[in-house]
Structures are given as structure tokens and as C-alpha cells.
Amino acid sequence: MLDTPEKVLRISSMRPQVTPEEWRARVDLAAAYRLIALYGMADMGANHISLRVPGEENAFLINPYGMMYEEITASSLIKIDHDGNILAKPSYGDFDYGINRAGFVLHSAIHMARRDLDAIIHTHTWAGMAVSSLACGLLPLNQTSMRFAKVAYHDYGGVVLDLAMREKLVADLGDANCMVLRNHGLLTAGRTVAEAFNWMHRMELSCKAQLAAMACNTPLTPVPQDVIEATWLNYQPQTRRPYGVMEWPALLRMLDRMDPSFRE
């Protein structure tokens, strides 16, 4: 067996190279990666969270393919355009990370089509994958899951590598903020990272609650359709404050207490 030196990850700071607005976006996005890992929704280095770069309509930030969510920092994020060209990335020391093709295709599709959404989260959790494989989909069984009573669905067509897949993906998303990728996983999007994370956190909880209830092998308590509709309406933007506004500062404080390196 060859005795080779261990590679060392050394990330150069991107702060001097970006605008203050982009740096704030980078910090928020790095925080989202750490939070997804903290709440058990990461899949090692797979999956992605992306965020449109402030002031650059055709550019967004995404994770380097090969780093774990728990080690993502503001500087480690890669800036790419809608064609997949790398616009800016740091030095990673002994590593030379790039972007994942499937992540680029999926996220660029939504960034291009939905200018009202800046942040996109995609996960492969056990609960999300399980519900995505059920013919019934995500059911409005409780108050939290009634928020997703009109969630979008996208049928599985293979790994998202072909640019031609983008058209069907955005057509299925429509004007929704959340989508079940059948036989695949979950996707949420928002005007901010905080909003997209709030959607994903609650969607994941809804999936777990549904699977737990169905596993009891006893009849489920139905909720009248008019009550489901009224509850769904209570969750809509016109009837409440934007998601994530209240808890995001507290989540950042929690991360700062645990490990503030995401800000680097």
C-alpha cells in the first residue's frame, strides 16, 4: 500500500473579492447548509442549497461538490452562472472542487424560471424519499402538513443531468414553493434562505409525521376538505408574515454558539 500524505483542506477567504451584499448572502447560505446538517437532513456531500447573488440576476451560489454540509463556509461556496460556468471560487488547498452537474441543472432551471424565488433547497432524507415513493404523496393529516395541501409533484425521469429536463421541472413546479420529486426527494424554494429553510423544515416534519401515523396500521382521522382549505389559506403570504423572519436570527445565534466558522 502506498504511503501518501493526507490532503489538507485550506479555504482562502472570498470576503475581499465580493460585495458586502454578496458576503451577507454567502453567510446566510453557509448557515443553511450547517442547519440542514444539524437537523439531520444532509446526505453527506450530495444535494444542494443555492442562492441568487444579490445584484447579479444570472448568477447563483452553490456548494463545492465533495465538501460535507457541516464544513461549508461563506468562502467555500462557488458562484456560477445559468450556463454552469464558474464565475468565482476560492482555493481549497490540496483539493480542486467543482460543481455537481445534477445540482446545476436542477437549481439553474428554477433560478431562470422563477425570478420571484432566490433560494432553493433539495434534500434526500429518508422521510422525504419514502413519501416521494408513495402513490398518495404528502397527505394533509395534521395542521403542519395542511400547509402543503397544494404541493407540486414532479415524476421521476432519471438523474437530472440533461438540460432538456429543466422545462418539465419548472412546468411541474408552476407557481408553488414546494415540490415532491417522486421517487427522489423534496424541494423547497423561497425569496430568502430563511424562508426556504422554514419550508423544508416543516415539509420534513410533515413527512415524518405521516410515515409514523401510517406505520401504526390503524385508521387515520380524516379532516373535512373545507377545514383543510381554510388551514392552507392561513399559511399563505397574504395572511401572515413571511416565513423565516422571526426564527432566522435565533438560528444564526444558535450556530454562533455551536460553531461560528460558517461565517469565515
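Biologist: Which residues form one aromatic cluster with Tyr39?

Modeller: Phe197 and Trp248. Bear in mind that this is a predicted model.

Biologist: How many aromatic pairs does a search of the whole structure find?

Modeller: It finds 7. Phe148 and Trp199 are one example, with ring centres 5.8 Å apart.

Biologist: What makes the pair of Phe148 and Trp199 edge-to-face?

Modeller: Their planes stand at 65°. Edge-to-face needs over 60 degrees, so the label applies. The centres also meet the pairing limit, within 6.5 Å.

Biologist: Why is this pair said to tie parts together?

Modeller: Phe148 is in the loop between α3 and β6, while Trp199 belongs to helix α5, so the pair links parts 51 residues apart in sequence. Both residues are buried.

Biologist: How do you know that Arg147 lies over the face of Trp199?

Modeller: Arg147 is 4.1 Å from the ring centre. The distance cut-off is within 6 Å, and the angle must be within 35 degrees of the ring normal. Lys150 likewise lies over the face of Trp232, at 3.9 Å.

Biologist: Why is Asn85 called partly exposed?

Modeller: Its relative accessibility is 42%. Buried means under 20% and exposed over 50%. Asn85 falls in between, so it counts as partly exposed. Asn85 sits in the loop between β3 and β4.

Definitions and conventions. Residues are numbered from 1 along each chain as its sequence is written. This is a predicted model: local features need pLDDT of at least 70, side-chain atom pairs count only at pLDDT 80 or more; totals for chains, interfaces and linings use all residues. Side-chain values use heavy atoms; hydrogens and water are left out. Helices (H or I, at least four residues) and strands (E, at least two) are DSSP runs, numbered from the N terminus. Buried means under 20% relative accessible area, exposed over 50%, partly exposed in between (1.4 Å probe, protein chains only). Rings of Phe, Tyr and Trp (its six-membered ring) pair if their centres lie within 6.5 Å; planes under 30 degrees apart count as stacked, over 60 as edge-to-face and the rest as tilted.
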